[in-house]
Amino acid sequence: MCGRFACVTAPEALQRLFETTTDLRTFPPRWNIAPSQDIAVVRFNPENGQRALDLLRWGLIPHWAKDPGIAAKLINARAETLLEKPSFRQAFQRRRCLIPADHFYEWAPGAKPRQPYLIKPSAGGLFSFAGLWENWRAADGTWLRTVTLITTTANAAMAAVHDRMPVIIPPRLWPLWLGEEPATPADLAALLQPPPAEAITLVPVGIAVNSVAREGPEVAVALA
């Protein structure tokens, strides 16, 4: 599961990195993003051949859902069952996206309060999580765009803390994942693997991150 992450890179830098056309200057740095909040998402529009950087609500609502409350159960999608689950099958085929993240958090098992860890790219830079998005129309006719993060089995570094982790798509494979290049289901499934253990670094942080009300840099301070 991935239930908390950070996106503190400036929107302008995200636009340059992902080569998107839209403007998110009002998106502030956030160190403790939680489900049900709006997050920055990179999508490809096949009609104009361009990538867009937009805000979508974290927690997928399938287009056929009657109750938007289902979003709370669909913040993550397991890579192993994307083609089996009605909630994800069509989005996996047609609506794949990337979620920029400077790091994410996970909690080690054990006595409470459990020890939180910050997981970051060992080489610096950003993670680009694999995601799926949907359009959902409410009874009053308004549209809501939502997103889920895809998870896979943990690599050796992550396994000591949790048995799942986000799928991370490297830059050279962004075009394939986003649908800019033709891909079979097998091609896409091959992308849904954990990164090498040495690609991530785990850092213990304080329990301030436990509170979703705290979104400042203090939640990411490493323990001495």
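Helices (H or I, at least four residues) and strands (E, at least two) are DSSP runs, numbered from the N terminus. With that settled, Leu188 is found in helix H4.

Before going on, the ground rules. This is a predicted model, where local features need pLDDT of at least 70, side-chain atom pairs count only at pLDDT 80 or more, and totals for chains, interfaces and linings use all residues. Residues are numbered from 1 along each chain as its sequence is written, and side-chain values use heavy atoms, with hydrogens and water left out.

Back to Leu188. Is Leu188 buried or exposed? Its relative accessible area is 4%, so Leu188 is buried; buried means under 20% relative accessible area, exposed over 50%, and partly exposed in between, with a 1.4 Å probe and protein chains only. Contact means heavy atoms within 4.5 Å. Setting aside neighbours within four places in sequence, Leu188 is in contact with Phe92, Arg96, Leu176, Trp177 and Ala183. Ala52, by comparison, is 136 residues from Leu188 in sequence and 21 Å from Leu188 in space, C-alpha to C-alpha.

Next, the cores. A nonpolar core is a set of buried Ala, Val, Leu, Ile, Met, Phe, Trp, Tyr and Cys residues joined through side-chain atoms within 4.5 Å. The largest one has 53 residues. Which residues have the most contacts inside it? They are Phe5, Ile39, Ile99, Phe129, Ile150, Ile169 and Trp177. Strand E9, residues 127-137, gives the largest share of this core, five residues. A second, separate core has nine residues, among them Ala6, Val203, Ala208 and Val209.

Not counting residues up to four places away in sequence, Ile99 touches Phe5, Ile39, Ala40 and Val41, among others. The list for Ile99 also includes Phe127, Ser128, Phe129, Ala130 and Gly131, as well as Val147, Thr148 and Leu149.

Now helix H1, residues 11-18. Its buried residues are Pro11, Leu14, Gln15 and Phe18. They cover an arc of only 100° around the axis, so they lie on the same side of H1; the arc is that of the directions from the helix axis to the C-beta atoms. As background, an α-helix has 3.6 residues a turn, so residues three or four places apart point the same way. What do the buried residues of H1 pack against? The partners are strand E1 (5-7), E3, E4, strand E6 (96-101), E9 and H3. After H1 comes Glu19, with a positive phi near 55°.

Last, the charged pairs. Side chains of opposite charge can pair when their charged atoms come close. How many salt bridges does a search of the whole structure find? It finds seven, a salt bridge being a side-chain nitrogen of Lys or Arg within 4 Å of a carboxyl oxygen of Asp or Glu.

Asp38 pairs with Arg57, with the closest N and O atoms 2.9 Å apart. This pair links distant parts of the chain, Asp38 being in strand E3 (residues 38-45) and Arg57 in strand E4 (residues 50-58), 19 residues apart. Asp38 counts as partly exposed because its relative accessibility is 32%.

Glu180 pairs with Arg51, the closest N and O atoms being 2.6 Å apart. Glu180 sits in the loop between helix H3 (174-178) and helix H4 (185-189), Arg51 is in strand E4, and the two are 129 residues apart. Glu180 is partly exposed at 28%, whereas Arg51, at 10% relative accessibility, counts as buried.

Glu218 and Arg214 form the third, with closest N and O atoms 3.6 Å apart.
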